[in-house]
Amino acid sequence: KRNNVMSQSPFRKLRKVENQHPHMNMSGGIFSLQFNTNACLLKGFEERIFAGAANAAVVICAFQEYDLAPVIMMPQQPTLLLSTEESAEPCPLQREAYMRYRETEGEELDSVRLAAIKNAIGESFELVADVAMGETAGMIKLAEGDKKKLEWYGHIRLIIFARPDLPAGATLCDSRDNGDLYSCVIPCGDKASGNDTREGAALDEPDSAYPKGLSPDKGAVCVYFPTAKLLVISAHLHGTNKPKPESEFNIIRERQLRRIGQGATWLVKEYQPTSLSEDGKEEEEVVNQITSAAELKCSMILCGDLNFRVESEFITPEDKDKGGNDFKFVEPLASSESPLVLSDLMENNDLFYKLLRNPEDEKPPILVRSRDAVAETVCKQRIIVPPTFTFTQDAPYPRKYKNKRTPSWPDRIVFRDLNYFFEEAGVSNRGVDFFTGSADNARVRPKVASLRYCQSLREVVCSDHEAVVAYFDFDSEHGSGAMSGFWGAFDDAFGQVTGSVGQTMGDTMGLMSCQGITS
(Lines give C-alpha, C1' and ligand atoms only; values in the text may rest on other atoms or scores of the structure.)
Protein backbone atom coordinates (compact mmCIF):
# COMPACT_ATOMS: atom_id res chain seq x y z
CA LYS A 1 0.00 0.00 0.00
CA ARG A 2 2.83 2.36 0.86
CA ASN A 3 4.46 1.58 -2.49
CA ASN A 4 1.22 2.47 -4.32
CA VAL A 5 1.04 5.78 -2.51
CA MET A 6 4.69 6.47 -3.24
CA SER A 7 4.28 5.71 -6.96
CA GLN A 8 1.72 8.54 -7.14
CA SER A 9 3.68 10.87 -4.91
CA PRO A 10 4.98 14.24 -6.19
CA PHE A 11 8.31 13.19 -4.75
CA ARG A 12 8.57 10.26 -7.19
CA LYS A 13 11.24 12.08 -9.24
CA LEU A 14 13.42 12.38 -6.15
CA ARG A 15 13.50 8.61 -5.83
CA LYS A 16 14.55 8.30 -9.46
CA VAL A 17 17.45 10.63 -8.78
CA GLU A 18 18.40 8.44 -5.84
CA ASN A 19 18.51 5.36 -8.06
CA GLN A 20 20.78 7.14 -10.52
CA HIS A 21 23.27 8.28 -7.89
CA PRO A 22 26.39 6.06 -7.86
CA HIS A 23 26.43 3.65 -4.90
CA MET A 24 23.25 5.19 -3.46
CA ASN A 25 20.96 2.24 -4.05
CA MET A 26 23.62 -0.47 -4.31
CA SER A 27 23.55 -3.22 -1.69
CA GLY A 28 27.28 -3.74 -1.41
CA GLY A 29 27.49 -4.28 2.35
CA ILE A 30 29.28 -6.78 4.59
CA PHE A 31 27.79 -10.22 5.25
CA SER A 32 29.30 -11.83 8.36
CA LEU A 33 28.96 -15.46 9.39
CA GLN A 34 29.85 -16.77 12.84
CA PHE A 35 29.79 -20.56 13.15
CA ASN A 36 31.35 -23.06 15.53
CA THR A 37 31.05 -26.16 13.35
CA ASN A 38 32.03 -28.72 16.02
CA ALA A 39 34.31 -30.41 13.46
CA CYS A 40 31.36 -31.15 11.20
CA LEU A 41 31.02 -30.87 7.46
CA LEU A 42 28.59 -28.19 6.34
CA LYS A 43 26.71 -31.10 4.74
CA GLY A 44 25.03 -29.20 1.95
CA PHE A 45 23.81 -26.33 4.14
CA GLU A 46 25.96 -23.81 2.25
CA GLU A 47 23.02 -22.49 0.23
CA ARG A 48 21.00 -21.84 3.40
CA ILE A 49 23.91 -20.38 5.33
CA PHE A 50 24.89 -17.90 2.62
CA ALA A 51 21.41 -17.08 1.32
CA GLY A 52 21.79 -13.47 2.46
CA ALA A 53 25.24 -12.95 0.95
CA ALA A 54 24.37 -12.61 -2.73
CA ASN A 55 24.05 -8.81 -2.71
CA ALA A 56 26.99 -8.17 -0.38
CA ALA A 57 30.32 -6.72 -1.44
CA VAL A 58 32.25 -8.54 1.31
CA VAL A 59 31.59 -11.95 2.89
CA ILE A 60 33.30 -12.80 6.19
CA CYS A 61 33.31 -16.45 7.31
CA ALA A 62 34.48 -16.89 10.90
CA PHE A 63 34.72 -20.53 11.92
CA GLN A 64 35.74 -22.26 15.12
CA GLU A 65 36.38 -26.00 15.46
CA TYR A 66 36.61 -26.13 11.67
CA ASP A 67 38.07 -29.48 10.71
CA LEU A 68 40.26 -28.26 7.83
CA ALA A 69 43.03 -25.69 7.49
CA PRO A 70 43.83 -23.58 4.40
CA VAL A 71 45.88 -25.14 1.64
CA ILE A 72 47.55 -21.76 1.15
CA MET A 73 47.45 -19.06 3.81
CA MET A 74 46.48 -15.61 2.57
CA PRO A 75 48.46 -13.58 3.43
CA GLN A 76 51.38 -15.99 3.85
CA GLN A 77 53.66 -13.47 5.59
CA PRO A 78 53.89 -12.16 8.16
CA THR A 79 52.08 -14.38 10.61
CA LEU A 80 52.92 -13.42 14.16
CA LEU A 81 52.44 -14.55 17.72
CA LEU A 82 52.46 -12.83 21.08
CA SER A 83 55.52 -14.14 22.86
CA THR A 84 54.10 -14.08 26.40
CA GLU A 85 50.89 -13.22 28.16
CA GLU A 86 52.44 -10.04 29.56
CA SER A 87 54.03 -8.73 26.37
CA ALA A 88 52.59 -7.53 23.08
CA GLU A 89 55.88 -8.07 21.27
CA PRO A 90 55.43 -10.59 18.45
CA CYS A 91 57.83 -13.11 17.07
CA PRO A 92 57.89 -14.73 13.62
CA LEU A 93 56.62 -18.30 13.60
CA GLN A 94 56.99 -21.39 11.54
CA ARG A 95 53.66 -22.85 10.48
CA GLU A 96 54.12 -25.85 12.80
CA ALA A 97 54.05 -23.54 15.82
CA TYR A 98 50.37 -22.80 15.40
CA MET A 99 49.02 -25.29 12.83
CA ARG A 100 49.68 -29.01 12.53
CA TYR A 101 48.52 -32.30 11.07
CA ARG A 102 47.89 -31.57 7.42
CA GLU A 103 47.11 -34.40 5.02
CA THR A 104 46.96 -34.53 1.23
CA GLU A 105 43.34 -35.68 1.15
CA GLY A 106 42.53 -32.83 3.54
CA GLU A 107 43.93 -30.34 1.06
CA GLU A 108 41.75 -31.75 -1.69
CA LEU A 109 38.67 -31.71 0.55
CA ASP A 110 39.32 -28.13 1.62
CA SER A 111 39.47 -27.01 -2.01
CA VAL A 112 36.10 -28.67 -2.58
CA ARG A 113 34.71 -27.01 0.56
CA LEU A 114 35.88 -23.56 -0.53
CA ALA A 115 34.39 -24.12 -3.96
CA ALA A 116 31.04 -25.02 -2.36
CA ILE A 117 31.04 -21.79 -0.34
CA LYS A 118 31.95 -19.72 -3.38
CA ASN A 119 29.23 -21.40 -5.41
CA ALA A 120 26.71 -20.52 -2.67
CA ILE A 121 27.69 -16.84 -2.45
CA GLY A 122 28.21 -16.34 -6.18
CA GLU A 123 30.97 -16.73 -8.76
CA SER A 124 31.61 -12.98 -8.82
CA PHE A 125 33.29 -13.22 -5.40
CA GLU A 126 37.06 -13.63 -5.06
CA LEU A 127 39.02 -15.01 -2.12
CA VAL A 128 41.02 -12.22 -0.48
CA ALA A 129 42.09 -13.74 2.86
CA ASP A 130 42.27 -17.17 4.50
CA VAL A 131 44.03 -17.58 7.86
CA ALA A 132 43.78 -20.31 10.51
CA MET A 133 45.42 -21.90 13.52
CA GLY A 134 44.82 -25.18 15.33
CA GLU A 135 45.02 -28.88 14.64
CA THR A 136 42.96 -31.32 12.61
CA ALA A 137 39.98 -32.74 14.46
CA GLY A 138 40.48 -36.14 16.03
CA MET A 139 40.78 -38.12 19.24
CA ILE A 140 44.17 -39.47 20.29
CA LYS A 141 45.25 -41.64 23.19
CA LEU A 142 47.87 -39.88 25.27
CA ALA A 143 49.71 -43.11 26.10
CA GLU A 144 49.52 -46.77 25.23
CA GLY A 145 46.91 -48.48 27.37
CA ASP A 146 45.79 -45.17 28.88
CA LYS A 147 42.06 -44.47 28.79
CA LYS A 148 42.69 -40.73 28.87
CA LYS A 149 42.30 -39.18 25.43
CA LEU A 150 43.16 -35.90 23.82
CA GLU A 151 40.51 -34.50 21.51
CA TRP A 152 40.91 -31.70 18.98
CA TYR A 153 37.88 -30.33 17.17
CA GLY A 154 39.69 -28.38 14.49
CA HIS A 155 40.86 -24.88 13.65
CA ILE A 156 39.99 -21.28 14.33
CA ARG A 157 39.66 -20.01 10.79
CA LEU A 158 38.87 -16.75 9.02
CA ILE A 159 37.93 -16.67 5.32
CA ILE A 160 37.09 -13.42 3.51
CA PHE A 161 35.61 -13.05 0.03
CA ALA A 162 35.02 -9.81 -1.87
CA ARG A 163 33.37 -8.69 -5.09
CA PRO A 164 35.66 -6.58 -7.28
CA ASP A 165 32.68 -5.03 -9.12
CA LEU A 166 31.34 -3.30 -5.98
CA PRO A 167 33.24 -0.44 -4.29
CA ALA A 168 33.63 -2.01 -0.84
CA GLY A 169 34.72 -5.33 -2.35
CA ALA A 170 37.08 -3.70 -4.85
CA THR A 171 38.90 -2.01 -1.98
CA LEU A 172 39.76 -5.38 -0.42
CA CYS A 173 40.62 -6.98 -3.76
CA ASP A 174 43.03 -4.12 -4.44
CA SER A 175 44.57 -4.61 -1.00
CA ARG A 176 45.12 -8.30 -1.75
CA ASP A 177 46.65 -7.56 -5.17
CA ASN A 178 48.96 -4.92 -3.71
CA GLY A 179 50.03 -7.08 -0.76
CA ASP A 180 48.38 -4.57 1.54
CA LEU A 181 46.94 -7.01 4.07
CA TYR A 182 48.50 -8.62 7.12
CA SER A 183 47.62 -11.35 9.57
CA CYS A 184 48.26 -12.23 13.17
CA VAL A 185 47.58 -15.43 15.11
CA ILE A 186 47.08 -15.08 18.86
CA PRO A 187 46.99 -18.48 20.63
CA CYS A 188 45.65 -18.36 24.18
CA GLY A 189 44.83 -22.01 24.95
CA ASP A 190 46.24 -24.76 27.14
CA LYS A 191 45.46 -27.91 25.14
CA ALA A 192 48.29 -30.32 24.41
CA SER A 193 49.23 -31.09 20.85
CA GLY A 194 47.87 -34.21 19.20
CA ASN A 195 50.64 -34.06 16.63
CA ASP A 196 53.93 -32.97 18.18
CA THR A 197 56.32 -32.41 15.29
CA ARG A 198 59.53 -32.72 17.35
CA GLU A 199 61.49 -35.85 16.67
CA GLY A 200 61.06 -38.37 19.47
CA ALA A 201 58.37 -36.37 21.27
CA ALA A 202 55.85 -38.48 23.17
CA LEU A 203 52.13 -37.80 23.31
CA ASP A 204 52.13 -38.53 27.03
CA GLU A 205 54.16 -35.32 27.56
CA PRO A 206 51.39 -32.78 26.90
CA ASP A 207 53.26 -29.78 28.27
CA SER A 208 56.06 -30.29 25.77
CA ALA A 209 53.93 -29.51 22.71
CA TYR A 210 53.10 -25.81 23.07
CA PRO A 211 54.38 -23.17 25.49
CA LYS A 212 52.05 -22.68 28.43
CA GLY A 213 49.07 -20.56 27.49
CA LEU A 214 49.99 -20.54 23.79
CA SER A 215 48.12 -23.53 22.40
CA PRO A 216 46.13 -22.64 19.25
CA ASP A 217 42.94 -24.37 20.41
CA LYS A 218 41.80 -21.02 21.86
CA GLY A 219 42.58 -17.43 20.91
CA ALA A 220 42.09 -15.58 17.65
CA VAL A 221 43.25 -15.09 14.09
CA CYS A 222 43.18 -11.56 12.68
CA VAL A 223 43.39 -10.00 9.23
CA TYR A 224 44.05 -6.27 8.80
CA PHE A 225 43.61 -4.20 5.64
CA PRO A 226 45.52 -0.96 6.40
CA THR A 227 44.40 1.11 3.42
CA ALA A 228 40.79 -0.01 3.87
CA LYS A 229 41.03 0.53 7.66
CA LEU A 230 39.34 -2.80 8.34
CA LEU A 231 40.28 -5.27 11.08
CA VAL A 232 38.53 -8.67 11.07
CA ILE A 233 38.89 -11.25 13.86
CA SER A 234 37.74 -14.84 14.36
CA ALA A 235 38.00 -15.86 18.02
CA HIS A 236 37.34 -18.82 20.30
CA LEU A 237 37.56 -18.30 24.06
CA HIS A 238 37.79 -20.63 27.04
CA GLY A 239 34.87 -23.04 27.40
CA THR A 240 32.81 -24.22 30.35
CA ASN A 241 34.24 -27.66 30.92
CA LYS A 242 33.45 -28.24 34.59
CA PRO A 243 30.29 -27.81 36.72
CA LYS A 244 31.34 -24.51 38.29
CA PRO A 245 29.87 -21.00 38.38
CA GLU A 246 30.72 -19.06 35.22
CA SER A 247 32.57 -16.34 37.13
CA GLU A 248 35.62 -18.63 37.33
CA PHE A 249 35.70 -19.09 33.56
CA ASN A 250 34.90 -15.46 32.78
CA ILE A 251 38.18 -14.41 34.40
CA ILE A 252 40.01 -16.51 31.81
CA ARG A 253 37.83 -15.27 28.93
CA GLU A 254 38.38 -11.63 29.80
CA ARG A 255 42.12 -12.24 30.04
CA GLN A 256 42.05 -13.85 26.60
CA LEU A 257 40.10 -10.87 25.21
CA ARG A 258 42.79 -8.56 26.56
CA ARG A 259 45.49 -10.60 24.86
CA ILE A 260 43.58 -10.58 21.61
CA GLY A 261 43.30 -6.82 21.98
CA GLN A 262 47.07 -6.61 22.50
CA GLY A 263 47.74 -8.56 19.33
CA ALA A 264 45.23 -6.57 17.29
CA THR A 265 46.72 -3.31 18.56
CA TRP A 266 50.22 -4.37 17.56
CA LEU A 267 49.02 -5.49 14.12
CA VAL A 268 47.25 -2.20 13.39
CA LYS A 269 50.07 -0.02 14.71
CA GLU A 270 52.75 -1.95 12.84
CA TYR A 271 51.07 -1.67 9.45
CA GLN A 272 49.06 1.52 9.80
CA PRO A 273 49.91 3.69 6.76
CA THR A 274 51.27 7.13 7.62
CA SER A 275 50.05 10.19 5.77
CA LEU A 276 50.93 13.86 5.75
CA SER A 277 48.89 16.29 7.79
CA GLU A 278 48.19 19.85 6.70
CA ASP A 279 51.38 21.17 8.30
CA GLY A 280 53.45 18.54 6.48
CA LYS A 281 54.20 16.40 9.50
CA GLU A 282 53.62 12.66 9.43
CA GLU A 283 50.90 11.21 11.60
CA GLU A 284 53.27 8.53 12.85
CA GLU A 285 53.46 10.18 16.26
CA VAL A 286 49.70 9.85 16.61
CA VAL A 287 49.90 6.14 15.72
CA ASN A 288 52.69 5.59 18.24
CA GLN A 289 50.57 7.11 20.98
CA ILE A 290 48.05 4.27 20.66
CA THR A 291 48.43 2.09 23.73
CA SER A 292 45.40 -0.19 23.60
CA ALA A 293 42.72 -1.60 21.33
CA ALA A 294 40.32 1.03 22.66
CA GLU A 295 42.21 3.70 20.71
CA LEU A 296 42.38 2.02 17.30
CA LYS A 297 41.21 4.21 14.42
CA CYS A 298 39.79 1.52 12.16
CA SER A 299 36.65 -0.50 11.61
CA MET A 300 36.48 -3.80 13.48
CA ILE A 301 34.31 -6.89 13.12
CA LEU A 302 34.99 -9.60 15.72
CA CYS A 303 33.11 -12.86 15.19
CA GLY A 304 33.56 -15.62 17.69
CA ASP A 305 32.46 -18.37 19.98
CA LEU A 306 33.22 -16.13 22.95
CA ASN A 307 31.75 -18.73 25.31
CA PHE A 308 30.16 -16.26 27.75
CA ARG A 309 27.09 -18.01 29.08
CA VAL A 310 23.64 -17.42 30.48
CA GLU A 311 23.37 -18.13 34.19
CA SER A 312 20.71 -17.82 36.87
CA GLU A 313 21.46 -15.21 39.50
CA PHE A 314 21.84 -17.48 42.53
CA ILE A 315 24.12 -20.36 41.68
CA THR A 316 26.07 -23.12 43.40
CA PRO A 317 28.40 -25.70 41.84
CA GLU A 318 25.66 -28.30 42.24
CA ASP A 319 23.25 -26.17 40.22
CA LYS A 320 25.65 -26.40 37.27
CA ASP A 321 25.43 -30.19 37.04
CA LYS A 322 24.10 -31.73 33.86
CA GLY A 323 20.37 -30.94 33.77
CA GLY A 324 20.70 -29.14 37.11
CA ASN A 325 18.86 -26.14 38.52
CA ASP A 326 20.68 -23.70 36.26
CA PHE A 327 19.52 -25.59 33.17
CA LYS A 328 16.00 -25.98 34.56
CA PHE A 329 15.76 -22.22 35.16
CA VAL A 330 17.08 -21.11 31.75
CA GLU A 331 15.77 -23.77 29.33
CA PRO A 332 12.04 -22.87 29.41
CA LEU A 333 12.90 -19.19 28.97
CA ALA A 334 15.26 -19.94 26.09
CA SER A 335 12.58 -22.07 24.41
CA SER A 336 9.76 -19.57 24.93
CA GLU A 337 9.75 -18.03 21.41
CA SER A 338 8.72 -14.75 23.05
CA PRO A 339 10.80 -11.69 22.12
CA LEU A 340 10.07 -10.08 25.49
CA VAL A 341 11.09 -13.17 27.44
CA LEU A 342 14.30 -13.56 25.43
CA SER A 343 15.23 -9.90 25.80
CA ASP A 344 14.66 -10.11 29.58
CA LEU A 345 16.76 -13.28 29.72
CA MET A 346 19.63 -11.61 27.91
CA GLU A 347 19.44 -8.37 29.88
CA ASN A 348 19.31 -10.10 33.25
CA ASN A 349 21.28 -13.31 32.79
CA ASP A 350 23.61 -13.09 29.79
CA LEU A 351 27.12 -12.51 31.10
CA PHE A 352 28.54 -11.05 27.88
CA TYR A 353 25.71 -8.52 27.77
CA LYS A 354 26.61 -7.50 31.31
CA LEU A 355 30.29 -7.20 30.35
CA LEU A 356 29.42 -4.87 27.47
CA ARG A 357 27.38 -2.69 29.81
CA ASN A 358 30.30 -2.22 32.20
CA PRO A 359 31.99 1.20 32.34
CA GLU A 360 34.48 1.52 29.47
CA ASP A 361 37.50 1.43 31.77
CA GLU A 362 36.36 -1.87 33.31
CA LYS A 363 36.00 -3.94 30.14
CA PRO A 364 38.71 -5.41 27.86
CA PRO A 365 39.90 -2.55 25.59
CA ILE A 366 38.86 -4.37 22.43
CA LEU A 367 35.23 -4.10 23.59
CA VAL A 368 35.35 -0.35 24.21
CA ARG A 369 32.80 1.43 21.97
CA SER A 370 31.91 -1.99 20.55
CA ARG A 371 28.39 -3.28 19.99
CA ASP A 372 27.08 -6.80 19.71
CA ALA A 373 24.78 -7.61 16.79
CA VAL A 374 23.00 -10.39 18.71
CA ALA A 375 22.28 -8.20 21.74
CA GLU A 376 21.18 -5.27 19.56
CA THR A 377 18.71 -7.55 17.79
CA VAL A 378 17.33 -9.32 20.88
CA CYS A 379 17.24 -6.41 23.33
CA LYS A 380 16.72 -3.32 21.17
CA GLN A 381 14.81 -4.57 18.15
CA ARG A 382 13.03 -7.29 20.17
CA ILE A 383 13.50 -9.78 17.34
CA ILE A 384 13.66 -13.46 18.24
CA VAL A 385 17.18 -14.88 18.26
CA PRO A 386 17.05 -17.76 20.78
CA PRO A 387 20.22 -19.00 22.51
CA THR A 388 22.46 -20.67 19.92
CA PHE A 389 23.95 -23.46 22.09
CA THR A 390 23.81 -26.33 22.98
CA PHE A 391 21.97 -28.80 20.74
CA THR A 392 22.26 -32.40 19.64
CA GLN A 393 24.26 -32.46 16.44
CA ASP A 394 22.28 -33.53 13.34
CA ALA A 395 19.00 -33.75 15.26
CA PRO A 396 15.97 -32.86 13.11
CA TYR A 397 14.67 -29.28 13.14
CA PRO A 398 13.28 -27.91 15.40
CA ARG A 399 15.87 -29.01 17.94
CA LYS A 400 15.56 -28.98 21.71
CA TYR A 401 18.33 -27.81 24.01
CA LYS A 402 20.63 -30.52 25.27
CA ASN A 403 20.97 -30.62 29.05
CA LYS A 404 24.76 -31.01 28.90
CA ARG A 405 25.11 -27.21 29.16
CA THR A 406 22.83 -24.31 30.07
CA PRO A 407 21.34 -22.75 26.89
CA SER A 408 23.38 -19.63 26.02
CA TRP A 409 24.45 -17.15 23.35
CA PRO A 410 28.20 -17.89 23.07
CA ASP A 411 28.20 -17.00 19.34
CA ARG A 412 28.52 -13.24 18.85
CA ILE A 413 29.31 -10.74 16.12
CA VAL A 414 30.86 -7.63 17.67
CA PHE A 415 31.39 -4.49 15.59
CA ARG A 416 32.85 -1.04 16.02
CA ASP A 417 33.51 2.14 13.99
CA LEU A 418 32.33 0.72 10.66
CA ASN A 419 32.33 4.16 9.06
CA TYR A 420 36.12 4.05 8.64
CA PHE A 421 35.90 1.18 6.16
CA PHE A 422 32.85 2.30 4.21
CA GLU A 423 34.25 5.81 3.76
CA GLU A 424 37.65 4.53 2.64
CA ALA A 425 35.85 2.26 0.17
CA GLY A 426 34.10 5.29 -1.32
CA VAL A 427 30.63 4.04 -0.48
CA SER A 428 29.77 7.09 1.60
CA ASN A 429 27.90 9.97 0.01
CA ARG A 430 29.11 12.27 2.74
CA GLY A 431 29.54 15.74 1.32
CA VAL A 432 27.77 14.89 -1.97
CA ASP A 433 24.47 16.61 -2.78
CA PHE A 434 21.56 14.18 -3.01
CA PHE A 435 20.08 15.80 -6.12
CA THR A 436 23.04 16.99 -8.20
CA GLY A 437 25.94 14.81 -7.04
CA SER A 438 27.92 17.99 -6.33
CA ALA A 439 30.45 17.94 -3.52
CA ASP A 440 29.91 21.66 -2.90
CA ASN A 441 26.38 21.50 -1.56
CA ALA A 442 25.88 21.14 2.18
CA ARG A 443 22.26 19.97 2.04
CA VAL A 444 23.23 16.32 1.99
CA ARG A 445 22.49 14.18 5.02
CA PRO A 446 25.60 12.30 6.19
CA LYS A 447 25.33 8.55 6.20
CA VAL A 448 26.55 6.08 8.79
CA ALA A 449 27.28 2.38 8.78
CA SER A 450 24.35 0.27 9.94
CA LEU A 451 23.49 -3.17 11.18
CA ARG A 452 20.79 -4.17 8.71
CA TYR A 453 19.89 -7.45 10.44
CA CYS A 454 21.19 -10.31 12.57
CA GLN A 455 19.70 -13.78 12.86
CA SER A 456 20.49 -17.34 13.85
CA LEU A 457 20.09 -20.09 11.25
CA ARG A 458 18.04 -22.55 13.22
CA GLU A 459 17.46 -24.97 10.35
CA VAL A 460 21.23 -25.55 10.00
CA VAL A 461 21.53 -28.52 12.33
CA CYS A 462 24.95 -29.95 11.46
CA SER A 463 26.64 -28.64 14.63
CA ASP A 464 25.84 -28.40 18.32
CA HIS A 465 25.87 -24.61 17.75
CA GLU A 466 23.60 -22.58 15.51
CA ALA A 467 25.20 -20.38 12.89
CA VAL A 468 24.71 -16.62 13.32
CA VAL A 469 24.77 -14.11 10.45
CA ALA A 470 24.73 -10.32 10.35
CA TYR A 471 24.60 -7.84 7.50
CA PHE A 472 26.15 -4.36 7.65
CA ASP A 473 25.74 -1.61 5.10
CA PHE A 474 25.79 2.16 4.68
CA ASP A 475 22.54 3.99 5.35
CA SER A 476 21.21 7.34 6.40
CA GLU A 477 21.34 8.26 10.04
CA HIS A 478 17.55 8.00 10.44
CA GLY A 479 16.98 4.34 9.73
CA SER A 480 17.86 2.02 6.88
CA GLY A 481 16.14 0.41 3.97
CA ALA A 482 14.72 1.85 0.77
CA MET A 483 12.66 4.54 2.51
CA SER A 484 15.55 6.15 4.38
CA GLY A 485 17.05 7.77 1.32
CA PHE A 486 13.68 9.24 0.37
CA TRP A 487 12.97 10.72 3.76
CA GLY A 488 16.50 12.04 3.96
CA ALA A 489 15.86 13.81 0.64
CA PHE A 490 12.52 15.07 1.94
CA ASP A 491 14.20 16.68 4.94
CA ASP A 492 17.01 18.15 2.88
CA ALA A 493 14.73 19.60 0.22
CA PHE A 494 12.02 21.00 2.48
CA GLY A 495 13.74 21.46 5.82
CA GLN A 496 13.97 25.23 5.43
CA VAL A 497 10.20 25.42 4.91
CA THR A 498 8.96 22.87 7.38
CA GLY A 499 11.63 23.45 10.02
CA SER A 500 11.44 20.99 12.87
CA VAL A 501 8.27 19.43 11.42
CA GLY A 502 10.17 18.01 8.46
CA GLN A 503 12.90 16.79 10.79
CA THR A 504 10.32 15.10 12.97
CA MET A 505 8.67 13.39 10.00
CA GLY A 506 12.00 12.08 8.79
CA ASP A 507 12.91 10.82 12.24
CA THR A 508 9.53 9.17 12.68
CA MET A 509 9.62 7.36 9.35
CA GLY A 510 13.20 6.29 10.00
CA LEU A 511 12.07 4.68 13.21
CA MET A 512 9.08 3.12 11.51
CA SER A 513 11.31 1.49 8.90
CA CYS A 514 13.16 -0.17 11.79
CA GLN A 515 15.25 -2.36 9.51
CA GLY A 516 18.63 -1.39 10.86
CA ILE A 517 20.55 0.00 13.79
CA THR A 518 22.93 2.85 13.16
CA SER A 519 26.47 2.42 14.40
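Two strands count as paired if DSSP finds at least two bridges between them. Keep in mind that this is a predicted model.

**Exercise 1.** Work out which strands pair with E13 and in what sense.

*Solution.* Start with E12 (residues 230-236): 7 bridges join it to E13, and the two run parallel. Now go to E15 (residues 411-416), which pairs with E13 over 6 bridges in the antiparallel sense. Here Leu-302 has Val-414 as its bridge partner.

**Exercise 2.** Decide whether the two faces of E13 are buried or exposed.

*Solution.* First recall that side chains in a regular strand alternate between the two faces of the sheet. Next, set the cut-off: buried means under 20% relative accessible area. On one side, Ser-299, Ile-301, Cys-303 and Asp-305 are buried, and on the other so are Met-300, Leu-302 and Gly-304. That makes 7 of the 7 residues of E13 buried, so the strand is largely enclosed by the rest of the structure.

**Exercise 3.** Find what lines the largest pocket.

*Solution.* Begin with the space itself, about 1,200 Å³. Its lining has 42 residues, and those nearest the centre are Tyr-153, Lys-191, Lys-218, Gly-239 and Asn-241. Then look at the elements: strands E8, E10 and E11 and helix H6 each give two or more residues, with H6 giving the most, 4 residues. Finally, sort by class, and you get 9 nonpolar, 15 polar and 18 charged residues.

Terms used:
Residues numbered from 1 in each chain as written. Predicted model: local features only at pLDDT ≥ 70, side-chain atom pairs only at ≥ 80, totals over all residues. Heavy atoms only, no water. Buried < 20%, exposed > 50% of the residue type's maximum accessible area, 1.4 Å probe, protein only. 1 Å grid on protein atoms, 1.4 Å probe; cavity = no way out; pocket = protein on both sides within 12 Å on 5 of 7 lines; lining within 4 Å. Points joined across faces, edges and corners; volume = space filled by probe spheres on them. Nonpolar A, V, L, I, M, F, W, Y, C, P; charged D, E, K, R; others polar.
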